[in-house]
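Hi everyone, thanks for making time.

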Amino acid sequence: MPAVLPDGDPAPADGLLPASCAHEAAGRSMSFYVHIPFCSVRCGYCDFNTYTATELGSGATQASYAATVSREIDFARQVLDSSGIPDRRIDTVFFGGGTPTLLPAADLARVLGRIKTNFGLVPGAEVTTEANPDSVSSESLAELAAAGFTRVSFGMQSAVPHVLKVLDRTHNPERVPQAVAWAREAGLEVSVDLIYGTPGESLADWRTSVEAALGYNPDHISAYALIIEDGTKLAAQIRRGQVPDIDDDDHAEKYQLADELFAAAGFSWYEVSNWSRGPRHACRHNLAYWQGGDWWGAGPGAHSHVGGLRWWNVKHPAAYQQRIDAGISPSAGREFPDAQAVQLERTMLLTRLNTGMQVSELEPAGRKAVAGLIADQLVEPGQALAGTIVLTQRGRLLADLVVRELLDF
Amino acid sequence: MARTAPVPAATEPSLIRNFCIIAHIDHGKSTLADRMLQLTGVVAARDMKAQYLDRMDIERERGITIKSQAVRMPWEVDGVSYALNMIDTPGHVDFTYEVSRSLAACEGAILLVDAAQGIEAQTLANLYLAIESDLNIIPVLNKIDLPNAQPEKYAEELAGLIGCEPEEVLKVSGKTGEGVEALLDEVIRQLPAPTGQADAPARAMIFDSVYDTYRGVVTYVRVVDGNLRPRERVQMMSTGSTHELLEIGVSSPNPVPTKGLGVGEVGYLITGVKDVRQSKVGDTVTNSVKPATESLGGYEEPKPMVFSGLYPLDGTDYPALRDALDKLQLNDAALIYEPETSVALGFGFRVGFLGLLHLEITRQRLESEFNLDLISTAPNVVYEVMGEDKQMITVTNPSEFPDGKILEVHEPMVAATILAPSEFIGAVMELCQNRRGTLRGMDYLSEDRVEMRYHLPLAEIVFDFFDHLKSRTRGYASLDWKADGEQVADLVKVDILLQGDQVDAFSAITHRDKAYSYGTMMTGKLRELIPRQQFEVPIQAAIGSRIIARENIRAIRKDVLAKCYGGDISRKRKLLEKQKEGKKRMKMVGRVEVPQEAFIAALSTEEPKKK
């Protein structure tokens with residue numbers, strides 16, 4: 001979750017949703033995102049809303065956090081009811097960060113329990129937590145599984161020490177297979193995250209990382225091109241010339257390599273940066289984001305989307321805690337995208353998926369652009385002829401360009 | 001100051017002196033003129049606006065005079081009151097014809113030279129014009145109050161040029177007023193009175209024509225024979241058109257209506273016409289009832305030498321640009337234009353100018369007075385081209401250059417005069433040789449200043465010649481040129497192609513030996529300026545079908561945000577919305593998206609910035 005909040009309208013202190021949201025929400029799935037804003041160290045590339053103990057200052061502590069965020073879950077129940085939003089059981093839950101596993105497993109279990117008691121989970125609900133390979137143990141993973149977690153996503157990033165060093169990642173790469181094995185023993189689905197295109201990473205380094213990840217035999221892999229965010233340590237190092245800049249061509253080449261290695265190992269892409277061993281192992285929580293599902297995001301800086309309304313919480317854990325303590329909504333701002341903006345969002349999100357976007361959903365000018373996209377080998381011709389826009393590998397690398405064409409600008 | 005000023009329409013020619021001031025930009029002509037207005041009492045000191053005669057803002061901004069004016073001033077010498085007509089002349093080389101008409105309205109000229117800088121090439125050129133027009137010359141050094149003035153040195157230079165004694169060179173300071181009264185006395189003593197036949201049919205020469213929003217065209221004339229009276233009908237001898245004289249008068253310096261103008265007098269006419277092209281500089285005005293049989297001669301149609309495409313940055317400004325050009329043309333008989341369409345730049349105009357300064361001034365006026373943002377294409381000259389069919393065609397735009405085999409191309413030539421300190425002779429010669437120039441002669445004006453005369457293709461000096469000349473001579477060189485026939489040359493059209501599509505705005509006609517360097521320069525510039533596209537874009541320079549230079553813009557391979565989760569959606573949408581705005585400033589060349597900034601940068605002479 002990026003640290004910079006969008007501009008929007010002010011949010012009301014009671015957090016109530018506009019009347020039209022109730023109608024919009026009916027028929028959509030409901031999810032929960034819980035943000036854990038703590039890390040033991042801040043990585044050089046990271047601009048997420050997370051704090052080390054020293055960065056945190058006073059007013060909010062890791063020890064009290066589970067209790068605080070639980071109170072937002074109670075608040076959510078109350079606000080959704082008062083806004084007339086239909087009662088829905090929770091389809092997916094995702095604990096992200098930060099490093100959720102910096103909190104004791106019992107804390108995470110308690111927060112999940114609060115969601116269960118307030119809303120209930122659908123049968124077979126997906127409950128994921130992100131985890132640092134260094135901050136889990138056989139016991140903690142078993143405890144999470146026992147509490148109802150079904151899935152763990154490890155921040156592996158790379159298997160190459162000099163790459164991890166540039167990223168400031170402190171874990172020992174040899175620790176990852178151990179963590180994956182423990183998760184398996186606990187009966188959890190396993191995903192690993194990789195980052196490619198780090199300054200100094202060769203194509204061979206990247207191949208090493210991809211092959212290592214495949215060797216751990218996960219169910220799901222996310223691979224992200226490194227983004228240099230303003231204000232990060234890495235951005236400053238690049239600006240000062242201490243570290244070489246990233247390069248889009250290098251990124252493209254590494255994407256292609258990964259896509260091919262993943263495919264050869266039996267993984268298929270289902271989103272631009274996500275691959276799984278078949279559709280059953282895709283991350284349902286993330287699919288909800290892309291397919292227009294509803295979710296409540298709890299925790300500082302978390303974003304929510306319910307019934308067409310988007311809002312986001314105040315960023316700093318101390319400010320967040322003050323709001324919760326005072327019994328007022330923690331949201332800092334919100335927006336209600338109009339029809340045009342919704343169309344833009346749907347287009348940019350759905351085209352990222354292997355299930356694609358229906359041609360019939362496009363405006364006439366966008367439909368006209370499809371032939372050109374086929375000619376430029378950006379979309380799959382067979383599926384386009386059958387009425388669905390699905391990106392080719394080249395199209396995935398140029399997805400933003402495709403979106404601009406489909407929206408006729 | 002004169003006690004009793006002679007009355008217009010009733011002044012004996014023997015009491016009239018008509019003169020102009022020949023000077024280089026910033027040698028102090030306007031300051032001297034202001035001082036004269038003050039000393040003769042036509043402008044009170046408290047009303048003095050610095051440089052009263054330069055009316056246009058741009059002129060004041062740039063410190064130069066574009067359009068001339070005429071002022072009548074009384075002055076008394078030895079107890080006799082005279083009428084002095086000071087005719088201001090344009091100071092720039094682009095307006096040589098206007099200068100020649102102003103000179104033709106005078107019997108004498110003050111040659112005004114900065115005592116710290118010496119004579120400049122343009123002044124020298126105008127001095128030649130004045131001597132050719134049989135004008136009496138009064139040499140004057142100005143700014144003698146400056147600490148770095150070298151009056152002795154430059155008095156000798158002037159004396160050498162016009163054939164007088166150094167002691168005869170007057171020394172003044174327009175700023176302090178020193179020597180200006182004596183100069184006015186000398187104007188009366190040294191310059192001849194006008195002569196003409198008072199009883200002959202009226203003949204008056206138009207030496208300036210200015211459009212005024214309230215009064216229509218104000219025409220400045222010098223009466224040679226006969227007289228002009230209010231309410232009578234006059235005839236323009238070049239066109240035969242007749243107009244009623246609604247008002248006739250003199251400037252002092254504000255317009256004062258009079259009972260007419262007689263032999264030798266200078267003043268203005270108002271006929272109600274709305275367009276300066278109906279009252280053309282150089283034309284002869286006569287009485288339509290009793291017309292003269294012969295015009296005064298010397299009239300020429302203005303001839304544009306340099307053409308450039310002017311396009312509004314915002315396509316919706318096209319009608320505004322047309323209106324603005326229409327308005328400027330009311331006051332600028334030399335400005336010609338016709339609509340033109342460019343694949344790359346959209347709708348605009350092909351505009352003809354007298355020279356580069358004329359272009360620059362016009363463009364600046366369009367931008368500052370009419371609030372237009374413009375792109376102008378690289379200026380080019382007019383070529384006569386003979387294709388295989390032996391037909392000569394006139395090419396004012398590279399796009400008109402015929403395809404196929406070319407038998408002959410004629411290009412306009414100029415006679416250029418360059419004055420420079422002698423230490424820069426080598427540098428100037430090298431530059432002129434690079435520009436296909438031929439040395440025609442060289443003279444030392446003084447021990448350390450030299451005059452070099454070159455025959456050069458106009459095309460070689462219209463773009464950046466003067467900048468190069470200045471930089472090679474540390475700013476000391478001055479340049480003057482005039483049209484001087486044409487020559488046959490080995491010229492070709494170089495086209496620039498983006499992914500095989502020709503971009504008309506970048507085509508250029510160059511000498512064959514320079515085609516390659518133009519091609520590599522332009523393709524290189526564009527490679528830096530055009531963003532990468534989803535396909536590879538070859539940029540080629542070609543003569544006909546032969547490719548002479550090539551660059552490649554590699555295809556973009558990645559244009560996607562790696563992560564787009566719940567918290568990224570709003571931000572990402574806003575990013576796309578912003579790109580949508582940016583897209584409006586893109587122009588399509590075939591399938592290639594070219595940002596407007598790339599066109600502007602590629603057409604400018606500056607080095608491109610890294611994209």
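Let's begin in chain B, with strand β1 (residues 16-23) and strand β4 (residues 108-114): the two run parallel, and five bridges join them. One pairing you can look for is B:A23, whose bridge partner in β4(B) is B:L112. Please keep in mind as you look around that this is a predicted model.

Both strands belong to an open sheet of six strands in chain B, with the order β2-β3-β1-β4-β5-β6 and mixed pairing. At its edges sit β2 (70-77) and β6 (170-171) of chain B, each of which pairs on one side only. Now find helix α4 (residues 121-132) of chain B. This helix lies across β1, β4 and β5 (136-142) of chain B, and its direction makes about 150° with β1(B).

What is B:L111 in contact with, if we leave aside its neighbours within four places in sequence? The list is B:I22, B:L127, B:I137, B:I138, B:P139, B:V140 and B:L158. B:L111 is also one of the residues with the most contacts inside the largest nonpolar core, together with B:I22, B:A109 and B:I418. That core has 172 residues, and strand β22 (residues 406-421) of chain B gives the most to it, with seven residues. Apart from this core lies another, of 123 residues, and among them are A:I36, A:V166, A:L344 and A:L398.

Staying in chain B, there is another open sheet to visit. Eight strands form it, in the order β10-β9-β14-β7-β8-β13-β11-β12, and here the pairing is antiparallel. Its edge strands are β10 (242-244) and β12 (255-257) of chain B, which pair on one side only. On average, and ignoring direction, neighbouring strands of this sheet are turned by 40° against each other.

Is B:G485 buried or exposed? It counts as exposed, because it has 10 C-beta neighbours inside 10 Å, and the cut-off for exposed is 12 or fewer. B:G485 and B:E411 are 74 residues apart in sequence, yet their C-alpha atoms are 8.6 Å apart in space.

Let's turn to chain A, which has 17 helices and 14 strands. Its C-alpha trace spans about 55 × 50 × 45 Å along the principal axes. For 409 residues, a compact globule would have a radius of gyration near 22 Å, so the 21 Å of chain A agrees with that. Of those 409 residues, 50% count as buried. Considering contacts in chain A with a separation of 6 or more, 75% come from residues 24 or more positions apart.

Notes
Residues are numbered from 1 along each chain as its sequence is written. Chains are lettered from A and ligands numbered from 1 in the order in which they are written. This is a predicted model: local features need pLDDT of at least 70, side-chain atom pairs count only at pLDDT 80 or more; totals for chains, interfaces and linings use all residues. A residue is buried if 20 or more other C-beta atoms lie within 10 Å of its own, exposed if 12 or fewer, and partly exposed in between; C-beta atoms are placed from the backbone. Two strands pair if DSSP finds at least two bridges between them. Helices (H or I, at least four residues) and strands (E, at least two) are DSSP runs, numbered from the N terminus. Two residues are in contact if their C-beta atoms, placed from the backbone, lie within 7 Å. Axes are lines fitted to C-alpha atoms, for helices over the stretch in contact, and angles run from 0 to 180 degrees between N-to-C directions. The radius of gyration is taken over C-alpha atoms; the globule rule is 2.2 Å times the number of residues to the power 0.38. A nonpolar core is a set of buried Ala, Val, Leu, Ile, Met, Phe, Trp, Tyr and Cys residues joined through C-beta atoms within 7 Å.
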